[in-house]
Amino acid sequence: MSSPAVLAARAALASIDLKNYDPEQSRLMDERCILVDEQDNAIGAADKKTCHLMENINKGLLHRAFSAFVFRPSDGKLLLQQRASEKITFPDMWTNTCCSHPLDDFEEEKIEQDQRGVRVAASRKLEHELGIPRSQTPIHQFQYLTRIHYLAPSNGMWGEHEVDYILFITSDVTVTPNKNEIRDHKWVDKAELQSMFDNPSNSFTPWFKLIARDFLFGWWDELLERKRENGRVDAKRLAGVVDGSRVIKMA
């Protein structure tokens with residue numbers, strides 16, 4: 001019997017007119033995400049608008065994504081971003097450094113071996129959203145940890161339903177934010193991030209809250225404990241900390 005994600009990918013899917021949204025963010029909704037089943041097998045493609053409508057998500061439509069976390073090597077601080085008000089989904093919310101999608105539009109981003117596609121996509125989007133040169137985020141420096149499967153509504157009409165690859169990287173990066181993507185950014189240590197979570201005036205993306213709740217702080221501890229002899233943190237030292245072979249269903 002076919003899974004809900006496979007059935008949804010074959011179904012007649014809803015669409016919507018984006019004329020009342022920011023023109024650049026509307027244009028980006030034409031990019032094509034990689035549709036997957038619950039085990040992260042690629043089964044097709046659909047534009048981001050289709051993938052993020054709750055009417056389609058409620059049918060089971062599921063796509064591939066990544067969440068990248070950039071840490072500063074000198075002190076292990078994490079770079080956060082606050083999503084721009086112009087964003088169609090989850091505007092103005094704080095989140096990890098960059099969260100987006102490998103695209104069916106680019107052949108290299110469809111390569112699954114060694115997570116090459118999501119690594120290439122992460123480097124591309126870190127440049128697009130934060131202005132970080134790709135030379136500062138070489139794809140071999142990303143440490144893949146695991147994949148999570150989660151569903152989260154945004155504002156009733158929009159939402160997320162993703163198999164999300166979690167990638168850590170340590171790098172001295174130059175940040176030049178794209179104001180259409182990012183409202184604010186900051187470097188935080190663990191205590192500063194916990195203080196942000198404790199402040200009710202802050203809002204956070206649901207995937208970031210899930211990752212922080214179940215994984216982030218423990219992995220961050222490991223990152224700091226596995227410093228190199230020169231005192232700098234290195235994400236590649238987290239290799240083997242997690243069994244990344246399966247998709248973890250989040251609740």
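Modeller: The second largest cavity has a volume of about 40 Å³, a volume being the space filled by probe spheres set on grid points that are joined across faces, edges and corners. A cavity here is a set of points, on a 1 Å grid over the protein atoms alone, where a 1.4 Å probe fits but cannot get out, and its lining residues have an atom within 4 Å of a point. This is a predicted model, in which local features need pLDDT of at least 70 and side-chain atom pairs count only at pLDDT 80 or more, while totals for chains, interfaces and linings use all residues. Residues are numbered from 1 along each chain as its sequence is written, and side-chain values use heavy atoms, with hydrogens and water left out.

Biologist: Which residues line the second largest cavity?
Modeller: Its lining is made up of Arg 64, Glu 109, Lys 110, Ile 111, Glu 112, Gln 115, Gly 117, Val 118 and Tyr 165. By class they divide into 3 nonpolar, 2 polar and 4 charged, where Ala, Val, Leu, Ile, Met, Phe, Trp, Tyr, Cys and Pro count as nonpolar, Asp, Glu, Lys and Arg as charged, and the others, Gly among them, as polar.

Biologist: And how much space lies in the largest cavity?
Modeller: About 270 Å³ lies in the largest cavity, and the structure holds 2 cavities of 30 Å³ or more. The largest cavity is lined by 23 residues, of which Lys 48, Arg 83, Lys 87, Thr 89 and His 101 lie nearest its centre.

Biologist: What's the class make-up of that lining?
Modeller: The lining of the largest cavity has 8 nonpolar, 6 polar and 9 charged residues. Among the elements that each supply at least two of its residues are α5 (116-130) and β8 (159-170), helices (H or I, at least four residues) and strands (E, at least two) being DSSP runs numbered from the N terminus.

Biologist: Switching topic, is Phe 168 buried or exposed?
Modeller: Phe 168, which lies in strand β8, counts as buried because its relative accessibility is 0%, where buried means under 20% relative accessible area, exposed over 50% and partly exposed in between, with a 1.4 Å probe and protein chains only.

Biologist: What does Phe 168 touch?
Modeller: Leaving aside residues up to four places away in sequence, Phe 168 touches several residues, including Phe 69, Phe 71, Phe 142, Leu 216 and Trp 219, contact meaning heavy atoms within 4.5 Å. The C-alpha atoms of Phe 168 and Ala 68 are separated by 5.9 Å, although these residues are 100 residues apart along the chain.

Conventions. On a 1 Å grid over the protein atoms alone, a cavity is a set of points where a 1.4 Å probe fits but cannot get out, and a pocket is an open set with protein on both sides within 12 Å along at least five of seven lines; lining residues have an atom within 4 Å of a point.
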